[in-house]
Amino acid sequence: MNKFVLVMGLLLLGCRVFAFDVVYPAKNDAIINSKSTFFIGSSNKPLKINGKNIPLHQTGAFAYVVDLNIGENTFILQSEDERQVFVITRPKVNPEPLKSSPFTQYNKQKLLVVTTEDAPLRSSPVDSGINRIAHLQRDVELISDGEQGGFYRIVLGDKNFGWMSKSNVKTAENNSPTLAQLFGYEFLDSKEFYTFVFHLDKKVPFEMVEGENFQIKLYNIKEQPAGTYVMNVPINDVLSTRKLLGYSGKYSGNDFILKIRKPLSTHSWRPLHNIRIAVDAGHGGYENGATGCLGDKEKDINLKIAQYLQAELKKRGAKVIMTRNGDNYVSLKDRVEIANYGDAVVFLSIHGNALPDGSNPNEHRGTSIYYYHNQAKPLADIIMDTIVSEIGVPNDKVRQGSLAVVRNTNALSLLVEVSYLINPEDNANLVNPEFQKQYAKAIADSLEKYFSN
Ligand SMILES: [Zn+2]
């Protein structure tokens, strides 16, 4: 673009007062590969699209679904005194059938060594979702008996297999795999944690299972049935309350250290007193998150609700750890580290929701809550019930999902999608300080309920 056009463009933008504003599609010449999309925005006057009236919310917000044909689709948005033209191209796609690569069995097992931190050991050779068995540290030794696509098949004792992306390991060509020696374990009972230290002669793959019992499995161990050491963790008070409050398992040298948080002694009159709660306002800095119909940015709404929540929790005596308290960028890794370093018992990530092309924003409302570890589901259910009963926000379900901040924090960790920024009704709530406060209070009330019994 030459300088003159740029300057003229900026001048035009500067002088113009919009009667209506489209926040999505973000460009007048968007390419969208979907059967339908939507116009999201706001208008202070009646607005038509290709001659049809767009229903406006009382705030002026709108979400309007349009079908897309292959090729160029022209949409003329027209109010009394303004007109904007959008040409949206839906590309012609020739869907290629997905070729699934075949499994190759090796004649001889290979020794692999993990080369990255937190390498996901998966239950299927698919690089996404909740198919994670464990996250392995650098230098864990793995035995592979075959490969498929970009994955090695990993031998876990005699009976089980996992899958590891080739990008997370190197092959140790000169050495052949051997089983590890487990020398025994120590048990430590400290103020807040039960700690088990397993002494090994090398780092092996492991699995922590939240079931009827809390179980630890260490794979590829000498002189153990099926090459697997299994221990049902003997901590009756944790199991009798049926409330796990966070745990972690990782290597320090060749010792595997399992830490399980002990039940908290809470006062019935002040159940959140001294409880460490991490509050994570999603996005921030250059990362805006979604944009609402009225143009508000998700990062700002998240922070406001997070700050109201901080105040509500402090009032109740909790110790609040904020992952950000201003408009700054914080990486997902840093958010996890802040919570883990602060030894948070609860981690709550606050977000606003949006939808992909092809869906109808007018048909989606309310709160959805994501957990990853089963231990956090009861808390998610209580928060959902409380939000629905106290402030009448629609229940958009508690779901299990593999989200980095929820997966990697050693706390009862949840991600709360408060409401949909691109639904006009929800968006009106999200930008309303009264709603933000009530929402924060409902979350604080539900945490109080959870810790009082
Ligand atoms: Zn978000």
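At what angle do H5 and H8 pack, and how far apart are their axes?

Modeller: This is a predicted model, in which local features need pLDDT of at least 70, side-chain atom pairs count only at pLDDT 80 or more, and totals for chains, interfaces and linings use all residues. Residues are numbered from 1 along each chain as its sequence is written. Helices (H or I, at least four residues) and strands (E, at least two) are DSSP runs, numbered from the N terminus.

H5 and H8 pack at an angle of about 135°, and their axes are 8 Å apart. Axes are lines fitted to C-alpha atoms, for helices over the stretch in contact, and angles run from 0 to 180 degrees between N-to-C directions. The two helices, H5 and H8, are therefore oblique to each other; angles under 35 degrees count as roughly parallel, over 145 as roughly antiparallel, 65 to 115 as roughly perpendicular and the rest as oblique. The crossing of H5 and H8 is right-handed, a crossing being right-handed if the near helix is turned clockwise from the far one by less than a right angle, and left-handed if anticlockwise. Among the residues that make the contact are Ile 383 and Ile 387 of H5, and Tyr 439 and Ile 443 of H8. Two residues are in contact if their C-beta atoms, placed from the backbone, lie within 7 Å. The contact residues of H5 and H8 comprise nine nonpolar, three polar and three charged; Ala, Val, Leu, Ile, Met, Phe, Trp, Tyr, Cys and Pro count as nonpolar, Asp, Glu, Lys and Arg as charged, and the others, Gly among them, as polar.

H8 (residues 433–452) also packs with H3 (residues 298–315), at an angle of about 50° and with axes 8 Å apart. H3 and H8 are therefore oblique to each other, and their crossing is right-handed. Tyr 439 and Ile 443 of H8 take part in this contact, with residues of H3 including Tyr 308 and Leu 309.

H5 (residues 377–391) lies across strands E25 (367–371), E26 and E27 (412–420), running at about 170° to E25. These strands belong to an open sheet of six with the order E23-E22-E24-E27-E25-E26 and mixed pairing; two strands pair if DSSP finds at least two bridges between them. The edge strands are E23 (319–322) and E26 (395–400), each pairing on one side only. The twist from one strand to the next averages 20°.
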